[in-house]
Amino acid sequence: MVGYTLRQERERQNLSINDIEQGTSIRALYIEAIEAGEYDKLPGTIYAKGFVKNYAKFLGLDTESVAKEFANDLAELSADAAANTPVETENAEPVPEKKVEPKPIKPEKKMPGYSIRSKNRSSSGLLIVAAVVLIAAIAGGVWSWLSNSDSDVATVNPPVQQTQPAVTEPVVEVETENPEPVAKANPAPKNDAVIVQARFNDSCWTLVTVDGAVVQEGIIEGGQTLSWEGKEKINFRLGNAGAVEFFQGGKSLGILGGVGDVVDKTFTRS
């Protein structure tokens with residue numbers, strides 16, 4: 001495996017993992033994963049290829065032959081994973097479904113004396129209707145008697161109230177001077193800060209340190225433009241430098257490396 005080849009050459013040159021980390025900017029845990037053949041601990045295939053090539057270049061090995069050996073390792077791992085995939089067994093016999101018998105519906109029970117109460121309600125309703133008819137007849141007779149005696153009653157017209165027209169006060173228009181517009185002061189540019197933008201054209205493993213504190217670490221997908229701000233300096237470590245374009249002060253600083261290259265870049269306050 002390529003990890004064994006790299007480890008043998010490192011030990012032959014009496015170099016430690018920390019020496020490789022300082023010389024290649026590859027984190028020690030990724031170097032250990034490469035030497036152990038634990039490629040699943042690396043951030044991705046593209047970054048893994050870049051790490052292996054930079055590692056081999058630092059040791060003075062042929063980067064192309066090391067890259068081919070690494071590709072063979074990945075192919076063997078994929079074949080082993082496919083061979084160890086369990087085969088699906090045939091489905092067992094279906095379990096018969098339980099039949100649920102419908103419950104019989106019990107007939108509704110009527111309380112005793114049901115018919116007697118219905119008859120009593122009918123009798124009460126007839127009495128109410130008769131009373132309403134009698135009251136209507138009495139009211140009609142009283143109204144007829146009052147209508148015939150209208151001639152004996154004198155009618156009095158109510159006095160007419162005189163209304164005075166409402167007095168409207170004249171409206172006085174007051175001219176006011178237009179206030180002078182207040183000019184908004186533009187905010188002063190920040191001269192005491194360092195601001196950096198980065199546009200990711202492809203996915204890239206990125207470590208961002210602002211004023212000595214790590215603020216972001218991991219893979220940033222392509223198609224994003226991010227911005228960071230610090231007081232003194234901002235440091236970037238890129239696992240795929242060819243995928244990132246930097247901007248500062250509205251000007252493009254270009255791309256700092258090739259695809260798969262591990263690059264460190266520090267921006268300071270101007």
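Student: How many bridges join E2 to strand E3 (residues 213–220)?
Tutor: The model is predicted: local features need pLDDT of at least 70, side-chain atom pairs count only at pLDDT 80 or more, and totals for chains, interfaces and linings use all residues. Residues are numbered from 1 along each chain as its sequence is written, and side-chain values use heavy atoms, leaving out hydrogens and water. Strands (E, at least two residues) and helices (H or I, at least four) are DSSP runs numbered from the N terminus, and two strands pair if DSSP finds at least two bridges between them. E2 and E3 run antiparallel, and the bridges that join them number seven.

Student: In E3, what is the bridge partner of Leu207?
Tutor: E2 covers residues 204–210, and E3 covers residues 213–220. Across this pairing, Leu207 has as its bridge partner in E3 Glu217.

Student: In the turn of the hairpin formed by E2 and E3, which residue has a positive phi?
Tutor: Two residues lie between E2 and E3 in this hairpin. A positive phi of about 55° is found in the turn at Asp211.

Student: What is the order of the open sheet of four strands that contains E2 and E8?
Tutor: E2 also pairs with strand E5 (residues 233–238), in the antiparallel sense over five bridges, and Val208 has Phe236 as its bridge partner in E5. On the E8 side, six bridges join E5 to strand E8 (residues 263–268), again antiparallel; Asn235 stands opposite Thr266, and Lys233 has Thr268 as its partner. The pairing in the sheet is antiparallel, and the order is E3-E2-E5-E8.

Student: What does the twist average from one strand to the next in the sheet E3-E2-E5-E8?
Tutor: The order of this sheet is E3-E2-E5-E8, with E3 and E8 as edge strands that each pair on one side only. Angles, which run from 0 to 180 degrees, are taken between N-to-C directions of axes fitted to C-alpha atoms. From one strand to the next, the average twist is 15°.

Student: Why do the buried residues of H2 line one face of the helix?
Tutor: In helix H2 (residues 17–24), Ile17, Ile20 and Thr24 are buried, meaning under 20% relative accessible area with a 1.4 Å probe and protein chains only (exposed is over 50%, partly exposed in between). The arc is that of the directions from the helix axis to the C-beta atoms. The buried residues line one face because, seen down the axis of H2, they fall within an arc of 60°.

Student: Which helices are included in what covers the buried residues of H2?
Tutor: Covering is judged by contact, which means heavy atoms within 4.5 Å. The cover includes helix H1 (2–12), helix H3 (28–36) and helix H4 (45–59).

Student: Is Pro43 buried or exposed?
Tutor: Pro43 is found in the loop between H3 and H4. Leaving aside its neighbours within four places in sequence, its contacts are Tyr30, Phe51, Trp205 and Ile219. Pro43 has a relative accessible area of 18%, so this residue is buried.

Student: How far apart in space are Pro43 and Gly218, C-alpha to C-alpha?
Tutor: In sequence these two residues are 175 apart. In space, C-alpha to C-alpha, Pro43 and Gly218 are separated by 7.9 Å.

Student: Which helix gives the largest share of the lining of the largest pocket?
Tutor: A pocket is an open set of points on a 1 Å grid over the protein atoms alone, where a 1.4 Å probe fits and protein lies on both sides within 12 Å along at least five of seven lines; lining residues have an atom within 4 Å of a point. Of the 14 lining residues, Lys49, Gly50, Lys53, Val259 and Gly260 lie nearest the centre of the largest pocket. H4 and helix H5 (63–83) each supply at least two residues of the lining. The largest share, seven residues, comes from H4.
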